[in-house]
Structures are given as C-alpha cells and as structure tokens.
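Please keep the structure open as you read.

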Amino acid sequence: MVFGQVVVGPPGSGKTTYCNGMSQFLNLIGRKVAIVNLDPANDSLPYDCAVNIEDLVKLSDVMIEHSLGPNGGLVYCMDYLEKNIDWLEERLKPLLKDHYLLFDFPGQVELFFLHSNAKNVIMKLIKKLNLQLTAVHLVDAHLCSDPGKYISALLLTLSTMLHLELPHINVLSKIDLIESYGKLAFNLDFYTDVQDLSYLQHHLDKDPRSAKYRKLTKELCDVVEHFSLVNFTTLDIQDKESVGNLVKLIDKTNGYIFAGIDASAVEFSKIAMGTPDWDYYRVAAVQEKYMKDDESIDDD
C-alpha cells in the first residue's frame, strides 16, 4: 500500500511551495518522496519531480494548436491525461515500492468542483495502484482579512470536499504573513473552526457594496454551516513544528500512521532530537546529507 497527498487549491495558495517544503521535511524524517507534477502550466519547478505531465502534454502547445485560453487549455490537458492514464501509471509503478507520493495539481478551481477529469484521474490511480491518498486543500490565509473573500473560500472548500470524496484536510497557508494584511475581525480560532458565521454578516453589512446581498450571504453561510464539514488547520511552511503537526494530521487521515506506528514514532523522534532552527531554504545541504547517508548504508 502506497501513501501520499493530493495537493489542490486556488492559484497563489502556495501549492508548489508546499510540495517543495513538504518533500524536504519528509526527507528529513527518513521518507523517500516522489513529487508528481500534474500542472502543465507550471514550467518553473523549484523541486525535482519524478513524473512531469509536460512530458505528455504542454499547456502552451495546447493553447496554440487548439486556439484555447489558459483555462480551456488546462481542462483539455486534464482530459488528455485521463485518456492517457496508462502513461501515468507506468511512470508511477517503479515508485510504488518505497516512495511517498506528492501530487501537485493545477490551481484552476473549476477542475475540482465542476469538471470530473481530475477526480477521475485520482480515482483510477487509487483503484489500479492501491494508493491511500489525502487531499490537502490550500487556501491563502490573507482571505481571512476580508469577510466576503473568506465566505467565498469556504464555499470553494466545501465544493471541493464534496466533489473529490477523499480524506480531506483544509489548510490556511502562509499563516506567517497573515498580520501583514491587517488586523483580523476575530481571533484566528474563529476562522479555523468556522464558527458562527452570522458574526461575519454584521461586518459585511457595514460595506454598502455587500449590504444589498445580505440575504444571499446569509443563505450561503447557512449552506456551509448545514454541511458542517469545513474547518482549517494552519501552516507556515518555513516552520518545522508547523509542518510536523500537519504531517501528523495527514498521516492519520490517509492511514500511514496505522500502517507503521513504530516507524512513524521513529521518524518524528528524528525531528524532536534534531536542530531546532530547521530552515525551509536549507535544501541542498539537507538533501546531500541524506543522499550520503543512504549511500553509506548501501555500502555497509
């Protein structure tokens, strides 16, 4: 059984940065990680990916050949990937023995609550390759500073959860920058726990542009509260403790912790006893160290 994460979220939420930082952290605790880039628009990757969709289809080529814009082009690319799922399966099979998988998906939100292509790709991989995946949905924390945008993020998050039908963790990313966008109307717990949304409506009523949509806003908030599915955890990708807490949560949702409880305890003991000033940007040195460690073990 192979474990991994499906990383989704709107543009600018930090998916690629997340995959980069998460892979470094998992390498630190001894997991072999393979990143699968399924975003054909992401042509400047900060990480080395084991599988890259651009080897199958490129967004720029699709846009030129079919006279499509970037949104239509991405839908086409996902449809093309679904029809050529064998290509992806063949490249994943060598990784299944000992790798933890990170799937970096496009940021076009329509792919995850309107179209079925991305979901079909995920479900086919789960069924054919026996994968245990958790969806990690990233939302930029700065949206909490605007009640209207926050409610929109809640609706998007709920729609994605219902559409993907995977174990799901919602993350307020870039939490270290949240204060730079101004003071929040409520404590952070209000936004992570998605508490009584009627309080947000009072703030929206103060804005004349939003006041006329008062009834619509109330109904939308009622939908979110009726399902009672959405909550968030926070993440500072540069902070070791923050990333570690998220990994523990993900391990519970996809079953990794139950597949090897002893191994998981050993992994996190490495971090507990490691340097307290773990640096997200200290990439090359860390990866080189573990590569040398692996080589020395092989030699023994």
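The points below are grouped by topic.

This is a predicted model. It holds nine aromatic pairs. Two of them are described here, starting with phenylalanine 3 and tyrosine 256.

**Phenylalanine 3 and tyrosine 256**
- The ring centres of phenylalanine 3 and tyrosine 256 are 5.4 Å apart. Their planes stand at 85°, so the pair is edge-to-face.
- Phenylalanine 3 belongs to strand S1 (residues 2–8), and tyrosine 256 to helix H12 (residues 256–259). The pair therefore ties together parts that are 253 residues apart in sequence.
- Phenylalanine 3 and tyrosine 256 are both buried.

**Tyrosine 150 and tyrosine 191**
- Tyrosine 150 and tyrosine 191 also pair edge-to-face, at 5.1 Å centre to centre and 85° between the planes.
- Tyrosine 150 is in helix H6 (residues 147–164) and tyrosine 191 in helix H7 (residues 188–193), so this pair ties together parts that are 41 residues apart in sequence.
- Tyrosine 150 counts as buried because its relative accessibility is 1%, under the 20% cut-off.
- Tyrosine 191 is buried too, at 1% relative accessibility.
- One aromatic cluster is formed by Tyr150, Phe186, Phe190, Tyr191 and Tyr199.

**Arginine 31 over two rings**
- The charged end of arginine 31 sits over the ring of tyrosine 256, 3.8 Å from its centre.
- The charged end of arginine 31 also sits over the ring of tyrosine 100, 5.2 Å from its centre.

**Glutamate 89**
- Glutamate 89 lies in helix H4 (residues 85–92).
- Glutamate 89 is buried, because its relative accessible area is 7%.
- Beyond residues up to four places away in sequence, glutamate 89 touches Leu125, Lys128 and Leu129.

How values were computed: Residues are numbered from 1 along each chain as its sequence is written. This is a predicted model: local features need pLDDT of at least 70, side-chain atom pairs count only at pLDDT 80 or more; totals for chains, interfaces and linings use all residues. Side-chain values use heavy atoms; hydrogens and water are left out. Helices (H or I, at least four residues) and strands (E, at least two) are DSSP runs, numbered from the N terminus. Buried means under 20% relative accessible area, exposed over 50%, partly exposed in between (1.4 Å probe, protein chains only). Contact means heavy atoms within 4.5 Å. Rings of Phe, Tyr and Trp (its six-membered ring) pair if their centres lie within 6.5 Å; planes under 30 degrees apart count as stacked, over 60 as edge-to-face and the rest as tilted. A charge sits over a ring if NZ of Lys or CZ of Arg is within 6 Å of the ring centre and within 35 degrees of the ring normal.
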